Amino acid sequence: MIDDPLLVLWRLSILLSLLSLAVLLALVVSRFFESLSASRRGRQSAGLVRLLIEISHDTPLEDPSLMRFARNRRLAAQALVEFSTLVRGAELQQALDRLREAKLGRRLLGLLRDTNRETRLVAMEALGLLIDDRAERALLNVVRRSHSLQETVTAARALQSAGRGPGIETLLSGLRLKRADAPAELASVLSELALNTPGALEAALDDKHLAPSIRVQIIQAIGRSGNYQSLGALERLAQGDSADERAAAVAAMGAMAHPDATRALARATKDADAEVRAEAAAAIGYVAAKELTGVLSDLLSDKAWAVRFNAAEALLRLGPDGRARLVQASQHPKTAQAGRAAAMVLAERAG
Amino acid sequence: MMNAVSDLPWELIASVIATVIISVGLAQSAIYVIQLIVAGHALYASPPVRRSALLWRRYGDLAPPVSLIAPAYNEALTIEQSVRSLLSLRYPKIEVVVVNDGSRDETLKVLIEAFGLQPAQRAYELELDHKPIRGLYATSAHPRLLVVDKENGGKADALNAGINLSRAPVVCSMDADSILESDALLRAVRPFVEDPGHVIAVGGTVRLANGCTIEHGQVTKIGLPVNPLALFQTVEYLRAFLMARLAWSEFGALTIISGAFGLFRRSAVIEAGGYTHGTVGEDMELVVRLHRHFHRKKEPYRIAYVPEPVCWTEAPETLRVLGLQRARWQRGALETFFRHITMTGNPAYGRPGMLGMTHVLVVDVLGPLVEAAGYVLLPLLWALGLLSWAWFAAFLALTFTIGVAISVSSLILAELQLRRFPDWRHLAVLGAAAVLENFGYRQLNTIWRLRGWWQFLLKRQSWGEMTRKGFNRPS
């Protein structure tokens with residue numbers, strides 16, 4: 001009874017191994033012929049980048065090199081993006097102008113619907129370089145409609161790099177769709193928005209539908225913008241319910257280094273969350289709030305190492321008074337932990 | 001008495017034995033086939049970025065700071081070149097923490113003289129346990145380098161010390177004698193950049209440097225080893241990294257990140273208690289413990305894997321050294337499995353418990369025992385006429401022909417998706433090795449793994465008698 005399935009297994013295994021060997025043989029043969037074909041090698045990405053460097057000067061549109069470049073859309077997009085990391089200024093612009101004239105951008109639009117994610121991302125980056133109205137519309141469409149946060153962010157970056165960055169409302173309409181965590185790349189998109197449209201990001205935080213990680217990145221971007229008008233909003237956020245947002249708000253106040261943040265920072269040193277206290281200790285150092293020297297001395301005895309370490313470093317940033325407090329803490333510590341933190345940071349800085 | 005023996009239903013007993021062996025073999029083969037399909041899909045849907053210029057453009061200014069921790073033990077001959085190679089890695093924010101784990105040779109002296117190191121101080125907390133630190137050394141000429149001199153305690157101990165002293169949010173654990181690709185860190189941090197809120201660890205593909213040309217601590221020309229043992233291991237590494245680990249990471253159930261190269265969120269490792277002393281499989285143990293810790297906390301997390309080759313290591317080329325290595329790996333897997341046995345098949349631990357640990361049970365725990373039993377018993381029972389040819393054929397299918405199909409298919413996958421073989425000759429030679437490894441090498445591996453089982457049992461009986469795992473890789 002059982003013999004048949006067992007023999008089926010045996011025959012199937014032989015079939016599978018023969019099939020795999022046949023495919024491998026085909027690949028070996030294909031690689032062999034490929035190695036004989038110089039033109040094929042030229043179509044590889046590195047070859048295309050070299051080609052692009054060559055054709056960036058006064059190449060007629062019907063030049064075979066230019067035609068060859070545009071033939072394989074995926075490789076062309078990849079080579080173009082790579083080329084943009086190697087060449088800058090007038091040379092890059094000249095090459096981009098030639099490729100725009102050759103309508104490469106239109107050919108790349110189709111890649112935005114490719115099944116391969118990496119191809120879609122590279123196409124967005126390439127379209128950012130070859131930007132025209134059609135490319136802008138296509139990229140804005142990705143920002144608004146894509147279900148992938150990564151793609152939304154990549155499209156937004158591509159638009160920003162072309163000086164046609166999406167407005168905050170367009171970006172938010174895309175971000176609201178996603179519940180995924182924000183990629184780190186979102187930080188650069190938000191930073192540029194914070195610089196160009198101060199106050200807009202602050203208003204965006206009223207949107208409760210945004211994922212927590214996106215909210216944190218918005219707060220960080222506000223901090224990097226250096227817009228003092230946002231201090232009030234950061235103070236409010238530093239007292240919010242989310243520990244991550246409180247920590248980000250306190251760090252943002254530290255990044256702004258404005259003395260008006262002192263009271264909020266003093267309050268944050270008493271936060272229940274160690275990360276918030278650690279950020280507060282560091283921020284006091286950046287703000288140079290000398291009136292909080294005593295608070296920092298107390299933080300040297302905090303139960304969390306990050307808080308103790310940041311407090312010791314912040315005391316050093318406060319100048320001679322802070323250093324004197326640190327020396328005192330190392331020689332006559334309130335707790336063993338405070339003494340150790342003070343002594344170690346002093347020893348490290350002395351070196 | 002003789003009658004009692006002859007009255008036993010021998011054919012039934014033989015069928016039961018064969019059924020158990022074939023069932024475990026089938027389960028293993030099914031796992032491999034699923035891994036292959038999942039890895040193929042993953043590589044197609046989210047392929048690696050081949051050109052590092054694209055990575056630089058995308059992530060250059062966003063990559064998180066990384067502390068690269070390289071434990072070193074008796075590596076006076078190679079340490080200077082290894083460290084120079086690490087310092088030349090292309091990564092925006094990196095510090096290299098070399099931990100001299102109580103070397104008996106002149107490793108520390110070589111480092112001090114080669115880099116002009118001076119005694120230094122650094123503020124740190126003893127968040128993870130390790131043997132006492134004897135001194136710290138640094139120099140303003142190489143501000144990214146910190147050398148930690150500590151008492152000997154083993155690799156796990158050295159890594160814990162390095163983690164305590166590191167400042168970056170991401171730590172990279174590696175062997176001091178491994179060779180990293182110049183853009184290895186940029187490739188490996190990609191999951192940390194794309195999903196910073198969840199990713200706590202990332203494994204990378206390790207490849208064998210045997211036969212390659214190495215200049216100034218970099219692989220400058222990819223070659224194939226002449227030694228057949230190293231050649232078989234090249235196929236084995238490709239299969240293990242490209243197929244198995246990629247698939248398990250897609251499932252969210254990756255249970256091992258190679259000790260030769262792995263990135264971890266520092267805070268996550270400290271939360272989970274760092275590397276465990278007293279195990280030879282500290283790399284696997286940490287990953288399983290991270291799963292356990294974050295599942296207990298009910299905190300979403302991800303352990304990811306990048307399929308691009310990021311690290312090169314040298315494989316043993318003698319039977320004796322290879323046997324010792326494989327026995328040690330087996331012992332490490334068993335130690336981790338039995339330390340976390342309650343996770344196995346336990347829905348409370350999600351996919352790592354249901355899939356990852358069950359896979360360890362089938363492949364690493366039962367695998368060598370059943371395979372060895374199969375090699376001995378099935379031919380014997382067939383020769384005695386107690387089993388039909390069909391049973392024996394099924395056994396041959398599971399041990400040889402399916403093995404060929406799996407190994408060759410993983411090569412096909414590597415060629416189609418990564419194209420990392422320099423030319424057709426490499427592909428052809430590796431194809432031949434993928435076939436031949438099933439006839440002899442695989443069986444030797446089973447013997448070495450049985451030795452690992454035996455050592456594991458002896459160790460348990462002798463209550464923690466600890467053999468130190470050296471860092472100098474035999475070659």
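This is a predicted model: local features need pLDDT of at least 70, side-chain atom pairs count only at pLDDT 80 or more; totals for chains, interfaces and linings use all residues.
Local features need pLDDT of at least 70 and side-chain atom pairs 80 or more, while totals for chains, interfaces and linings use all residues. Residues are numbered from 1 along each chain as its sequence is written, chains are lettered from A in the order in which they are written, and side-chain values use heavy atoms, leaving out hydrogens and water.

Chain B has an open, mixed sheet of ten strands, ordered β3-β4-β5-β2-β1-β6-β11-β8-β12-β7. Strands here are DSSP E runs of at least two residues, helices H or I runs of at least four, both numbered from the N terminus; two strands pair if DSSP finds at least two bridges between them. β3 (118-120) and β7 (179-180) of chain B sit at the edges with a single partner strand each, so one side of each lacks a neighbour in the sheet. Further in, β4 (residues 133-138) and β5 (residues 145-150) of chain B run antiparallel over five bridges, with B:L136 opposite B:V148.

As for charges, the structure holds 43 salt bridges over all chains (a side-chain nitrogen of Lys or Arg within 4 Å of a carboxyl oxygen of Asp or Glu). One of them pairs B:E125 with A:R340 at 3.0 Å, N to O. B:E125 lies in the loop between β3 and β4 of chain B and A:R340 in helix α22 of chain A, so this pair joins two chains. B:E125 is buried at 18% relative accessibility, whereas A:R340 is partly exposed at 30% (buried is under 20% relative accessible area, exposed over 50%, partly exposed in between, with a 1.4 Å probe and protein chains only).
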